[in-house]
Amino acid sequence: MHFFKYQGTGNDFVLIDDRAETFPQHDQALVARLCDRRFGIGGDGLILLQNHPELDFRMVYFNADGAEGSMCGNGGRCIVRFAHDLGLFTEHTRFMAVDGEHEATVTEGLVSLRMTNVAGIDLGTEYSFTNTGSPHVVMTVDGLAQYDVVGVGRRLRYSDAFAPKGTNVNFVQSDEDGTLFVRTYERGVEDETYSCGTGVTAAALVANRQSGVPSPVAIRTLGGPLQVAFVESESGGYERIDLIGPAVRVFEGDIVL
């Protein structure tokens, strides 16, 4: 099987051109093995690019544990770059994902992905919660560089409040220049990732709602910089949300299944 490896600010994915729809996508063990960093290709997830009858392509996303996942923002930016590299469009694209239709624009260095609208944010004293295509807890902390992201994140991810499917957990600290430093524990990966697109989107919207941080919000992740632009809607939610950052092909190859 031929595959490609892409990464968006360190969030890395196995990409497969499945327009012939030959990939056994119901084989969770195979997907998990391909994502395994010691016995497979290695990645935070696996993404199939398939045909769509009306749009440029369809994105089918799997978590590293092999289960089909909810929307992945950095994965979305990576598959847009992949489709661009395959020549499916020149600058602007429309594609289908699990949470509906998305638009994206590609420049030489950046991919700008239009995220799904967000109806609202549940603000809390300990943490806030919103859904940006995937469910996300956002918690403001001090000393984030040394924070126990995996330990605290895992407890929240499996807590009764988010049963049975669980949630992703983001820890946020504001830098002196106003940039948000964000670290994320991702369900499905069950570990901290270098970056999470839907997670930084959630962090940016919560920062706007809590502290009035204006659009676009500059984000710093372990894997590099991102930006989130948005407009507040009349209903109290957010629309025209764009996740902006790099997406890069790392390598391609063949693997024996």
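A: In strand 12, T193 is the bridge partner of T184. Strands here are DSSP runs (E, at least two residues) numbered from the N terminus. Strand 11 and strand 12 pair in the antiparallel sense over 3 bridges, where pairing requires that DSSP finds at least two bridges between two strands. These two strands form a hairpin with 4 residues between them, and G188 in that turn has a positive phi of about 90 degrees.

The model is predicted, and local features need pLDDT of at least 70, side-chain atom pairs count only at pLDDT 80 or more, and totals for chains, interfaces and linings use all residues. Residues are numbered from 1 along each chain as its sequence is written, and side-chain values use heavy atoms, with hydrogens and water left out.

Strand 11 also pairs with strand 10 (residues 168–174), in the antiparallel sense over 6 bridges. Within that pairing, F181 of strand 11 is the bridge partner of Q173. Strand 10 and strand 11 form a hairpin with 5 residues between them, and G178 in its turn has a positive phi of about 95 degrees. With strand 13 (residues 217–221), strand 11 pairs in the parallel sense over 2 bridges. There, R220 in strand 13 is the bridge partner of F181.

Because 7 of its 7 residues are buried, strand 11 is largely enclosed by the rest of the structure; buried means under 20% relative accessible area, exposed over 50%, and partly exposed in between (1.4 Å probe, protein chains only). Both faces are covered, with L180, V182, T184 and E186 buried on one side and F181, R183 and Y185 buried on the other.

The structure holds 1 cavity of 30 Å³ or more. On a 1 Å grid over the protein atoms alone, a cavity is a set of points where a 1.4 Å probe fits but cannot get out, and lining residues have an atom within 4 Å of a point. The largest cavity contains about 40 Å³ of space, a volume being the space filled by probe spheres set on the points. Among the residues that line this cavity are V182, R183, T184 and T193. Strand 11 (180–186) and strand 12 (191–193) are the elements that give two or more residues to the lining, and strand 11 gives the most, with 3 residues.

Definitions and conventions: 1 Å grid on protein atoms, 1.4 Å probe; cavity = no way out; pocket = protein on both sides within 12 Å on 5 of 7 lines; lining within 4 Å.
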